[in-house]
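Hi,

Here's the structure I promised to pass along.

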Amino acid sequence: MFLYHAVWIATIFIAFVILFTYLYAMEYVWCVYIKDQVPFVGASRLHKRAVSKYINDNYPDAKNIVECGSGHGSLARYVARKTNTNVIGLENGPFCIFLSRFFSLFSRANFKTINTDMFKYLDNTQNMFDIAIAYLGPTVTPLLQKYDKKIKVLISLNFEVPNLKPVQVVDLKKGFVLYQNKKYPHKLFIYEFK
Ligand SMILES: C[S@@+](CC[C@H](N)C(=O)[O-])C[C@H]1O[C@@H](n2cnc3c(N)ncnc32)[C@H](O)[C@@H]1O
């Protein structure tokens with residue numbers, strides 16, 4: 001009897017792993033080959049801690065945060081929990097949005113996911129954000145500087161905006177992300193827009 005239950009539990013577990021791997025792969029293909037956009041790669045624990053600490057140390061009065069490309073929402077939820085802020089996540093990957101909303105059911109963080117293309121949202125919103133967080137690629141991150149009237153501070157994970165001088169670069173001293181065969185060490189690039 002025990003063996004019978006164990007086999008069923010193992011089968012269900014394996015089925016879930018296969019389903020999630022399949023959906024993740026499909027979403028990767030959808031992002032890279034159909035939408036031509038940065039795919040989902042989650043922020044590391046180091047990133048999450050460093051971003052929250054940076055906000056608490058340097059922008060304790062920040063209230064509204066937007067995460068551009070919030071994926072499963074784990075960075076955004078962490079920041080919302082550790083800082084006294086409201087965070088919204090802009091995401092257009094269907095599987096990411098589903099997981100982000102699902103995980104948020106079990107979290108009391110002030111965080112919500114908006115199903116939208118981040119550029120369309122930022123073009124049309126009347127909201128002002130104290131901080132924008134982005135973990136996007138080297139070509140997409142610089143596009144955020146045109147929202148300098150809607151965003152006061154940009155915290156970019158690993159990718160810099162080449163023609164802007166950061167007010168600070170925080171070197172996390174460990175880890176990197178590989179993007180198009182180039183290593184980008186874990187760093188925070190902080191830009192302030194006047
Ligand atoms: C590198 S992942 C970062 C995920 C998240 N920041 C985290 O650390 O967990 C980039 C995310 O941006 C999303 N993305 C890329 N381009 C987008 C766009 N134009 N509008 C909305 N989301 C976008 C992707 O679907 C992906 O989930």
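A quick word on terms: helices (H or I, at least four residues) and strands (E, at least two) are DSSP runs, numbered from the N terminus. Residues are numbered from 1 along each chain as its sequence is written. Also, this is a predicted model, where local features need pLDDT of at least 70, side-chain atom pairs count only at pLDDT 80 or more, and totals for chains, interfaces and linings use all residues.

Overall picture first. The chain has five helices and seven strands, in the order α-α-β-α-β-α-β-α-β-β-β-β from the N terminus. The C-alpha trace spans about 65 × 35 × 35 Å along its principal axes. The domain assignment (bounds from an automatic or database assignment) gives domain 1 (1-36) and domain 2 (45-192), and their C-alpha centres are 28 Å apart.

Now the ligand. Its shell holds 24 residues, with Gln37, Ala43, Gly69, Gly71 and Gly93 coming nearest; a residue is near if its C-beta atom, placed from the backbone, lies within 6 Å. α3 (74-82), β2 (86-91) and α5 (118-124) each put in at least two shell residues. By class that's 12 nonpolar, nine polar and three charged (Ala, Val, Leu, Ile, Met, Phe, Trp, Tyr, Cys and Pro count as nonpolar, Asp, Glu, Lys and Arg as charged, the others, Gly among them, as polar).

α3 also meets another helix: His47, Lys48, Val51, Ser52 and Ile55 in α2 contact Leu75, Tyr78, Val79 and Lys82 in α3 (C-beta atoms, placed from the backbone, within 7 Å). By class, this contact has five nonpolar, two polar and two charged residues.

Cheers

Technical notes:
Two residues are in contact if their C-beta atoms, placed from the backbone, lie within 7 Å.
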